[in-house]
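Here's a walk through this model, with the sequence and coordinates alongside. Let's begin with some aromatic rings and then work out to the sheet.

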Amino acid sequence: MSEPSVSFASREPLSVSGWLVNALRAQGVEYVFAVPGGPLLSLYEELANSPGVRLVLTRHEEAAAFMADGYAQASGRLAVVCATTGPGAMHTLTGVASATSDSMPLVVITAQTAASAFGRSGLQDSSGGNWSVDTVEMLRTATKLSTRLAHPGQLPWLFCHMMRTIWNGRPGAVHLSLSSDMMSSPVPDVSIPSPCHAASTVPDAAAVAVLAQELRRSRRPVILAGQGAKLSGAAGSLQQLAQTAGIPVATTLKGKGVFPEDHAWALGVFGLGGNPAAFDYLLSPEVDLLLIVGSGLGEAAANAFDSRLVTGRQVIQIDLDPLRLGAGCDLDLAVAGDADTVLRALLAELEDAPAAPCVPDAVLSAAQDQLLVRVPASAIQKDHKVLSASAVVSRMSEQLPEDTILYVDNGNCLSWVGQHYRSRPDGQIHFSFNVASMGYSTGAAIGGQLAHPGRTVVAVTGDAAFAMSGMELHTAAELGLPVIWVVLNNGGNAMVLNIQESIYGHGSRSMYDCPIDAAAIARGLGAQARTAADLDSFTQALGEALEADSPFLIDVHVDPSEVPWALGTRVTSLRSALTDRRAGRW
């Protein structure tokens, strides 16, 4: 079937660059995140003359990819990142891989030297062969599709193929490489494809009926909801299922936010970044059915492949990608489909034969007594002389608006937010830790603020992650974006130090000899900044940041010896890797 298209009033052929910009605009693209380069200049010229599509000049290509990732995470809309040939394209790799891992819709456009000069030692040639890196091949395993435009006449079909690839099944990134000599060539077909969106899938009715039957039979079921539940918009149906069927709900760290943690059936986060409430309940031998909704049940989500999670109970998984069903563990039932669509069908099945209303019992209440998100910041800090990162995140949970969009970097930040930041129905919480690149949140938060200019956007990062990406504060300052960065400054790579001390009994070259003054760096880049070393000064600084109308960084000096409750999950994984023990089949 041919794609519907939109025609321009002018029948004059467009150049490859002009056609691409118009096609992206027709897909609803608002921003293109990029760093300039010679082979890209034709595309830049078209962007400068195109109404409705704004070029965001970043300081590094990796950050440009993370900004696009953060924009897509906050909006669900198509994001675009551009980079020049050679090192520019190579720098995007980590951010692009993160976007695909997070199931984000992303277009990556990279330039290339003139095709006639391929292999002839051209400056920054990255066309492959024995003479240079091949950026198309490099990005192939980080995307759903990586290809090179072979001829201008190929572009309309290829662009439609790219859009279908992005939105079919699990969304992800696609990559298009353009040689500089082709960017100004005319495209014969002037029509522009209409917007492409994800197609809804209908779950197998028989499988849903069996799932409903097993839930009715179960004495103590529990739900573990992941990123897929969040991306599908399943929050409402998940709450309805929990309420009507009386099923407690835990989330993975990436799923955090899909279920409010002040709900009567909430257990909080399980796995990496988890808390005692979820661990006690999900690993209890009394649970007889585990329903996994939108999670591949990888190492982080499954508590380092803890066999207690899937032993002695029925295990049922719902996932959009049929290839991911059963990838993490053996299943008693697999249901392929969009999480929200499946849950709505399940609710309809359960409605036909409703069970007696359930109320939280003593077992659930005992577990929920250990929900760390419900402990006030003042109670966490108590009389500790050094400020606790856990108390800082708890105070953020108490002080930030309900609809805050939060981006969390990799490191101990993950655990502090997973354990102590309360998820709310109107807010968003975003992580990127399958690839788990430090420095993600600095750029991602800028993308999130562009997606939702009227909302509070906060990045939680450590000083080591900030050291990798902090120059992007200058991007936010130039754009006048009121993003807030909370830097949990513990003097280096404290998560690595905590793990070293757990495994070896001591640390080794993980911490800085000279601590970073993040506040001074932020001021030098055009942002407002405050330093805090106690809970009161942090509270005051956060209040100032919420009133500011420009970028604001809070450099919070926290205790490097404070170890997150669930860090043992990561320690267990690393011990297995270091001793070369084969991961057992569950």
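## A buried ring pair

Phe-270 and Phe-279 are both buried, where buried means under 20% relative accessible area, exposed over 50% and partly exposed in between, using a 1.4 Å probe and protein chains only. A word on ground rules: this is a predicted model, with local features needing pLDDT of at least 70, side-chain atom pairs counting only at pLDDT 80 or more, and totals for chains, interfaces and linings using all residues. Residues are numbered from 1 along each chain as its sequence is written, and side-chain values use heavy atoms, leaving out hydrogens and water.

Searching the whole structure turns up 9 aromatic pairs. To pair, rings of Phe, Tyr and Trp (its six-membered ring) need centres within 6.5 Å; planes under 30 degrees apart are stacked, over 60 edge-to-face, and the rest tilted. One of these pairs is Phe-33 with Tyr-71, tilted, at 6.4 Å centre to centre and 55° between the planes. This pair ties together distant parts of the chain, 38 residues apart: Phe-33 sits in strand β3 and Tyr-71 in helix α3 (residues 61-75). Helices (H or I, at least four residues) and strands (E, at least two) are DSSP runs, numbered from the N terminus.

Phe-33 counts as buried because its relative accessibility is 0%, and Tyr-71 is buried too, at 1%. The Phe-270 and Phe-279 rings also make a tilted pair, 4.8 Å centre to centre with 40° between the planes. Tyr-31 joins Phe-33 and Tyr-71 in a cluster linked by ring pairs.

## The sheet

Now for the strands. An open sheet of 6 strands runs in the order β4-β3-β5-β6-β8-β7, with parallel pairing; strands pair if DSSP finds at least two bridges between them. β4 (54-57) and β7 (145-148) are at the edges with a single partner strand each, so one side of each has no neighbour in the sheet. From one strand to the next, the twist averages 20°.

Helix α1 (residues 16-26) packs on the sheet, touching β5 (79-83), β6 (106-112) and β8 (173-179), and its direction makes about 160° with that of β8. Contact here means heavy atoms within 4.5 Å; axes are lines fitted to C-alpha atoms, for helices over the stretch in contact, and angles run from 0 to 180 degrees between N-to-C directions.

## Around β3

What covers the faces of β3? Buried residues line both: Tyr-31 and Phe-33 on one side, Val-32 and Ala-34 on the other. In a regular strand, side chains alternate between the two faces of the sheet.

β3 (residues 31-34) pairs with β4 over 4 parallel bridges, and Ala-34 stands opposite Leu-57 there.

## Thr-110 in β6

Thr-110 lies in strand β6 and is buried, at 0% relative accessible area. Its side chain makes a polar contact with the side chain of His-175 at 2.7 Å. That term means a pair of N or O atoms within 3.5 Å; within protein, one must be able to donate a hydrogen and the other to accept it, and residues adjacent in sequence count only if both atoms are side-chain atoms.
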